[in-house]
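Please consider the following structure, which the paragraphs below describe element by element.

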Amino acid sequence: MLKVEGLVTGYQGKDGFVRAVDGVSFDIEKGETVCIVGESGSGKSVTSMSVMRLVEFENGEIISGSIEYMGEELTTKTNEEMRKIRGAEISMIFQEPLTALNPVFTIGQQIVEAIRYHEPLKKKEAMDKAEDLLTLVGLSEPKTRLKQYPHELSGGMRQRVMIAIALASKPKLLIADEPTTALDVTIEAQILELLRKLRNEEDMSIMLITHDIGVAAELSHRIIIMYAGKVMEIAETSDLFELPHHPYTKGLLESIPKMSGARGELLPTIEGTIPGVNQMPEGCRFAPRCSFATEKCHQEEPPLQKVGRRDVACWHVEEFTASQVDPFHRKEDPVESNS
Amino acid sequence: MNQIHKEKLLEIQHLKKYFEIKGGGALGKRKQTLKAVDGVSFDIYKGETLGLVGESGCGKSTLGRNILRLQDPTDGRVLYGESNILEYSKKDMRRLRKDMQIIYQDPFGSLNPRFTIGQIIGEMYEIHGLAKGAEKERKVKELLELVGLDASRYHSYPHEFSGGQRQRVGIARALALEPEFIVADEPVSALDVSVQSQVINLLIQLKREMGLTLLFIAHGLNVVRHISDRVGVMYLGKLVELSDTDSIFNDPAHPYTAALLSTVPEADPEARKERIVLKGEVPSPASPPSGCNFRTRCPLATERCSQEVPAWQETRNGHFTACHYPLEKGQTLKEAVAQRQKPSDNKTNNLIMA
């Protein structure tokens, strides 16, 4: 359904041109929920903005690569053509629902506008449909909400409204960029419940961008792990957690305190820090922080390669996976346990 | 976990912090009282890490600041030894600052961008007249090494550091005067996962080596569970539950704690659990519900909950709860709801079970 290949997206920054996404490839199938997981600077949001071709409005540019949606190339479409695809085919919800809504229009007006943009309905009919949508996203008293302004709603309610607007045109692909990051845990739980319902009941693919691998574990069929503008690993969710094939994935999973198991112990960590966009290391971008890195890793960049059911970008994927017995246990020196 | 000597370091009694806000009345001019912290009592033991969790606006940060008197509480007592901190003079307070420090969430906003790291940390010694000149520089460099930064960064400015490193500077500053007690207010919330674990480890190590007492305020439950000896849960200005960490996480007594724990997205797809999604949102602290604060979202609430404020009491050994219907040991919230249910009852309206 969506096929991204060799995507390179950059921004004109004050220190020159910066490649925020540097050669990213993945695909999303019909009805599938795929999560892109990464820390800050991984390029996960820029990837989603590229698919929507929204980067151009933020000083960005798709430099090379292809984005194929239902067999159609999106990177060469004109703005006019893209506008028909946005909303109708692909919809997006953002992290901050307050800035994404227009403060001077009522919720009803904003949903009706979205509906009538894609469907020639009378105002009254569109308003009825808007009410149905608010009911679908689980907002209480939908009739009252239609007449309210964004500032009258709480963060969780606004996010529901955003989802309702995104669903107004029955999109085939929903892109959600950190939809629960700004919300409190109990409200996050409500929105995740809603996304779970949409995933199960609506015939729709979802691309979810998140920094929280826990959210990804709960919702996704497949997970894409990004780091410093590159894809490190793509795997089915259960495979990924069972046995990460990339040292970064493993490091990420281990460094999160678990809700069960030992407390108070020192956590396994990934040493060092995420490289800045204009200080990308040579070779594998994770190499400076990777305890498995060899000379080759510091010089040559590993390609994203098929390894069984998944894709991994690591020169030492075979030795690395063989060295692991249980990813949830702290390992001894991997080289030793390999021998 | 290491054994904690049950020696009290601080005794917090009926602490209240109210704010006067505008916004009531037809013209928005009538004054309203926002009860950010509303009568909280608990002890902090020497050498422990006490975790404090709750959603935004529950008052956990305000509580932390009021204990240190970075804000002046409206009412209550904070006993430190025999004396009440809230009655301290300015001179007493300066002495107290040596014993008690704070680490903030935002490693960007809490460091003055115009000072070097050496100046920022060195200032602590100068204010208290403890060291100057070469002696000061030596002490600061020692501290930098202690928190995992290179001593050569002494002359660097905050903007030259990454977020995780800046948080280390914040920790170094808090440690400079060798305090006994530190309030860590969301110290890892702004950090990326791979950097977060480094800072957590640093806190664990420092606590072990220096015998610190920590009040660790955070909303990330997995982090709080990992680092804390005991955990307190706040909701809408009140402490609703407090116990040792295992007891809170394995056997919560308050329905809010139970619901909160069940919704944490866990990085393990195998960890399928009973998920309890609370309906509705946290009410405004300017107009909290009558009786129990949590009753509007509680699946177990009855008439009594809207009339009587539940007392803060020890329901099990060392396990404090403020609830009229606390869960029994081993009982899940779902079971408690099922037990309560009658055909005519519509209590389940407050729950979505998954």
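How many of the eight residues of helix α1 (residues 60–67) of chain B are buried? Eight of the eight are buried, so helix α1 of chain B is largely enclosed by the rest of the structure. A residue is buried if 20 or more other C-beta atoms lie within 10 Å of its own, exposed if 12 or fewer, and partly exposed in between, with C-beta atoms placed from the backbone. The buried residues of α1(B) include the charged pair B:K60 and B:R65 as well as B:L63 and B:I67. After α1(B) comes B:R69, whose phi is positive, near 60 degrees. Helices (H or I, at least four residues) and strands (E, at least two) are DSSP runs, numbered from the N terminus.

This is a predicted model, in which local features need pLDDT of at least 70 and side-chain atom pairs count only at pLDDT 80 or more, while totals for chains, interfaces and linings use all residues. Residues are numbered from 1 along each chain as its sequence is written, and chains are lettered from A and ligands numbered from 1 in the order in which they are written.

Chain B also holds an open, mixed sheet of eight strands in the order β6-β7-β8-β3-β9-β10-β13-β12; two strands pair if DSSP finds at least two bridges between them. The edges are β6 (100–103) and β12 (313–316) of chain B, each with a single partner strand, so one side of each is left without a neighbour in the sheet. On average, neighbouring strands of this sheet are turned by 20 degrees against each other, direction ignored; the axes are lines fitted to C-alpha atoms. β6(B) pairs with β7 (residues 181–185) of chain B in the parallel sense over four bridges, and B:I102 has B:V183 in β7(B) as its bridge partner.

The largest nonpolar core has 187 residues, of which A:I111, A:A164, A:I224 and B:F216 touch the most other members. Such a core is a set of buried Ala, Val, Leu, Ile, Met, Phe, Trp, Tyr and Cys residues joined through C-beta atoms within 7 Å. Helix α7 (residues 155–167) of chain A gives the largest share, eight residues. Domain 1 (1–89 + 172–257) and domain 2 (97–170) of chain A both contribute, so the core lies between them; the domain bounds come from an automatic or database assignment.

Where the two chains touch, 34 residues come from chain B and 37 residues from chain A, contact meaning C-beta atoms, placed from the backbone, within 7 Å. On the side of chain B, α6(B) supplies the largest share, eight residues.

Definitions and conventions:
Axes are lines fitted to C-alpha atoms, for helices over the stretch in contact, and angles run from 0 to 180 degrees between N-to-C directions.
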